[in-house]
Amino acid sequence: MSNKTVYLDLAGDFIHPGIINIIKKAAEYGDVLVGLSTDESLTKHRRLPLLNYEQRRTVVEQLRGVTKVVPQEDWSCISNLKKYRPDYLIHGDDWKTGPGSNLRKEAFEVMKELGGEVIEIPYTYGFESSKLAKALNAYGTTPDLRLTKLRRLIEAKQPVRILEVHSGLCGLIVENLEVVKEDGVHCFDGMWSSSLTSSTNKGKPDIEAVDLTTRLQELNDILETTTKPIIYDGDTGGKLEHFAFTVRTLERNGISAIIIEDKVGLKQNSLFGATVKQQLAPIPDFCAKIHAGKNAQVTDAFMIIARIEALIAEHPMEEAIERAKNYVEAGADGIMIHSKNKTGEDIHEFCKRFRALFPTVPIVVVPTTYNHIYEKELVSWGVNIIIYANHMLRAAYPAMNNVARKILEHERSLEVNDDCMPIKEILNLIPYEKQR
Ligand code: SPV
Ligand code: MG
């Protein structure tokens, strides 16, 4: 065996002829050291891979020509090149143009410093991983696969970015929308089934009047059009005896998490603040509910997240922290801290104090009123999940209202042409030969 080493940087989610070709070529130069991207490094730039790191490693290790697999923790291979000092770096020549060209320049410099060489081979077109990932998503998912994605995302990515959905059509937007930015491709990681928008969409107030069965009908449309994880807004969780059934029903449907809030009596939306009666649940009762839910779930993956309403009810910070401690000790898999304060300072203080007590327990926030704060800043406070809780419905209603009003005003619909999606576009939005 040659004692020269060839470094090859792979995601390894899809094994196709292009990958086999590059491994074969690499093996002609020496022992092939694969730098396999971790979930964390990949999700900074694109969607979560279908297979987790361990699964991908198991596959790649078995490929003929691969000598060793090591984790690549960064999007770029540079730090691994410095660490493993290979004799060669092999790469497809597609990085000569586009976003990879800066990386190429740096890789050439580093390999030169190391006294090594870069081998570029013609890229095999037709097997781009992003296209393969989209094609695979079009086949759909299973409840188990979807359910486990939220925990994987929390491990791999900060923030996990969640958007409210109230229909299959909203689901399609969350599933497919991508914005290419300098630091990679930005997308939503999952969906929030909001009690506020679910109720509002059905013409009901947000007072737990829409039951689980009805909410599930809406969720079913979303499950049909998407593969990303879903967090369910469980309001107060209802009666302790009923909560166990709710958990099992959601888990069976592949929902990743339920968030329940520590209130009793007639539940009113938190954004009313203390202008309505917001009665907090006694701590032991809420802990018992968390406990009952944790006992009921079948898998380890399902998450029960405790939502603290102390700040909404204008109780002191001390109480919010006390409640958080108790809920985590009762088995909650994460804490959602809610506030309608516009500054976000209370949320910041809570996060600081909570992180000092629990360095790794996930924190969820819903920055509706303090929405001047950028995601990066929330992450620097220790936030794991950011929920944009109501924006799809809030966007839809004024748009529809405006069109309806204009038709009445003009006594025809010509004037709303620019406000509406062209007929050709809506006809092709959901082509019959593929679901998305
Ligand atoms: C919801 O979206 O229903 C929520 C978040 O519970 S909030 O409306 O801010 O209370
Ligand atoms: Mg709600």
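How many bridges join strand E4 (residues 88-92) to strand E5 (residues 117-121)? There are 5, and the two strands run parallel. That pair turns up again in the second view below.

This is a predicted model, so to speak of local features we need pLDDT of at least 70, side-chain atom pairs count only at pLDDT 80 or more, and totals for chains, interfaces and linings use all residues. Residues are numbered from 1 along each chain as its sequence is written, chains are lettered from A and ligands numbered from 1 in the order in which they are written, and side-chain values use heavy atoms, with hydrogens and water left out.

**View 1. An open sheet of 5 strands, in the order E3-E2-E1-E4-E5.** Helices (H or I, at least four residues) and strands (E, at least two) are DSSP runs numbered from the N terminus, and two strands pair if DSSP finds at least two bridges between them. The pairing here is parallel. Strand E3 (66-72) and E5 sit at the edges, each pairing on one side only. On average, neighbouring strands are turned by 30° against each other, direction ignored; axes are lines fitted to C-alpha atoms, for helices over the stretch in contact, and angles run from 0 to 180 degrees between N-to-C directions. Zoom in on strand E1 (residues 5-10) and strand E2 (residues 31-37) and you'll find 6 bridges in the parallel sense, with leucine 8 partnered by valine 34 in E2.

**View 2. E4, helix H5 (residues 101-113) and E5 as a right-handed β-α-β unit.** Right-handed here means that, with the strands pointing away from the viewer, the path from the first strand over the helix to the second runs clockwise. Tyrosine 88 stands opposite glutamate 117 in E5. H5 lies across E4 and E5, at about 140° to E5, where contact means heavy atoms within 4.5 Å.

**View 3. A cis peptide bond from glutamine 158 to proline 159.** Omega is near 0° for this bond. Proline 159 belongs to the loop between helix H7 (143-156) and strand E6 (160-164). For context, most peptide bonds are trans, and most residues other than glycine have a negative phi.

**View 4. The hairpin of E7 and E8, with 2 residues between them.** Strand E7 (residues 178-181) and strand E8 (residues 184-187) go antiparallel, over 4 bridges. Glutamate 178 faces cysteine 187 of E8 as its opposite number.

**View 5. The closed barrel of 8 strands, E6-E9-E10-E11-E14-E15-E16-E17.** Pairing around the barrel is parallel, and the twist averages 25° from one strand to the next. Helix H13 (residues 317-329) packs on the sheet, touching strand E14 (303-308) and strand E15 (334-337), and its direction makes about 165° with that of E14. Elsewhere, strand E10 (residues 230-233) and strand E11 (residues 257-261) share 3 parallel bridges, and aspartate 233 stands opposite isoleucine 259 in E11.

**View 6. Ligand 1 and its surroundings, including Trp192, Leu196, Asp233, Arg307, His338 and Ala389.** To make that list, a residue needs a heavy atom within 4 Å of the ligand. Polar contacts are pairs of N or O atoms within 3.5 Å; within protein, one must be able to donate a hydrogen and the other to accept it, and residues adjacent in sequence count only if both atoms are side-chain atoms. Oxygen atoms of ligand 1 lie 2.8 Å from an N or O atom in the side chain of serine 194, 2.9 Å from a polar side-chain atom of asparagine 269 and 3.5 Å from one of serine 270. Taken alone, ligand 1 exposes 290 Å², and the protein buries 100% of that; accessible areas come from the Shrake-Rupley method with a 1.4 Å probe, and for residues only the protein chains shown count as cover.
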